[in-house]
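Student: I would like to go through this structure with you before I set up any calculations. Could we take it topic by topic?

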Amino acid sequence: IAMREKYSFVFCYLGMDWTDPRLTHRFRVAYELLPHKFSKHLRHCYILHSTAGFRISIWTLWPWLSQRLWHKIEYVHNLDDLVHKIHPNNEVAQADLRRRVPQIVQRHDAEWNGCEPPV
């Protein structure tokens, strides 16, 4: 799909230690390995639950990211915002997407927003 159609990429930040330079290096290497068509068809890159420290780490990658890709990065604070951005005005698709989100991300979202985590 990503080679022929527009797509969105969602990165769920779950508290990894981005101060470790090996992680930033791996992220950059992974991006460099992607064929050009993948970045060409990328519509948005949503980052869920980012912290200030994570955003600073992402800023260290700016020399390796094209302006085109850089402008596609969007920070999202919770799952509700994410599903509304991906499927605006489509409650059925929003509910379906929410069900497909891994439970670990749903639990983190609930804790992040001060709600009761799902069982």
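**Contacts, charges and rings**

Tutor: Let us begin with a cysteine: leaving out residues up to four places away in sequence, Cys12 touches Leu48 and Val105. Please keep in mind that this is a predicted model.

Student: Where does Cys12 lie?

Tutor: Cys12 belongs to strand E1.

Student: Buried or exposed: what holds for Cys45? And what is the relative accessible area of Cys12?

Tutor: Cys45 is buried, with a relative accessible area of 12%. Cys12 has 24% and is partly exposed.

Student: Let me step back. What does the secondary structure come to?

Tutor: The protein has seven helices and three strands. Along the sequence they follow the pattern β-α-α-β-α-α-β-α-α-α.

Student: How many of the 119 residues count as buried, as a percentage?

Tutor: The buried share is 29% of the 119 residues. As for contacts, among those with a separation of 6 or more, 71% are between residues 24 or more positions apart.

Student: Now H7. Which of its residues are buried?

Tutor: In H7 the buried residues are Val105, His108, Asp109 and Ala110. The buried residues of this helix pack against strand E1 (7–12), strand E2 (42–48) and helix H5 (79–86).

Student: What comes just after H7?

Tutor: Gly114 does, with a positive phi of about 70°.

Student: What does the side chain of Asp109 reach, then?

Tutor: It reaches the backbone nitrogen of Leu79, at 3.0 Å. Asp109 itself sits in helix H7, which spans residues 103–112.

Student: Which residues is Asp109 in contact with, leaving aside neighbours within four places in sequence?

Tutor: Asp109 is in contact with His49, His77, Asn78 and Leu79.

Student: On to charge pairs. How many salt bridges does the structure hold?

Tutor: The structure holds four salt bridges. One of them joins Glu74 and Lys85, whose closest N and O atoms are 2.7 Å apart. Glu74 lies in strand E3 (residues 73–76) and Lys85 in helix H5, so this pair ties together parts that are eleven residues apart in sequence.

Student: Which residues are linked in a network of salt bridges?

Tutor: Asp96, Arg99 and Arg100 are linked in such a network. The closest N and O atoms are 3.7 Å apart for Arg99 with Asp96, and 2.9 Å apart for Arg100 with Asp96.

Student: How are these residues placed in helix H6?

Tutor: Arg99 and Asp96 lie three residues apart in helix H6 (residues 91–100), about one turn of the helix. Arg100 and Asp96 are four residues apart in that helix, again about one turn. An α-helix has 3.6 residues a turn, so residues three or four places apart point the same way.

Student: Last topic: how many aromatic pairs does the structure hold?

Tutor: The structure holds one aromatic pair. Its members are Trp59 and Trp70, with ring centres 5.0 Å apart and planes at 70°, so the pair is edge-to-face. Trp59 is in helix H3 (residues 52–59) and Trp70 in helix H4 (residues 67–70), so the pair ties together parts that are eleven residues apart in sequence.

Student: Does Trp70 count as buried or exposed?

Tutor: Trp70 counts as buried, at 17% relative accessibility.

Terms used
Residues numbered from 1 in each chain as written. Predicted model: local features only at pLDDT ≥ 70, side-chain atom pairs only at ≥ 80, totals over all residues. Heavy atoms only, no water. Helix = DSSP H or I, 4+ residues; strand = E, 2+ residues; numbered from the N terminus. Polar contact = N/O pair within 3.5 Å; in protein donor to acceptor, adjacent residues only side chain to side chain. Contact = heavy atoms within 4.5 Å. Buried < 20%, exposed > 50% of the residue type's maximum accessible area, 1.4 Å probe, protein only. Phe/Tyr/Trp six-rings, centres within 6.5 Å; stacked < 30°, edge-to-face > 60°. Salt bridge = Lys/Arg side-chain N within 4 Å of Asp/Glu carboxyl O.
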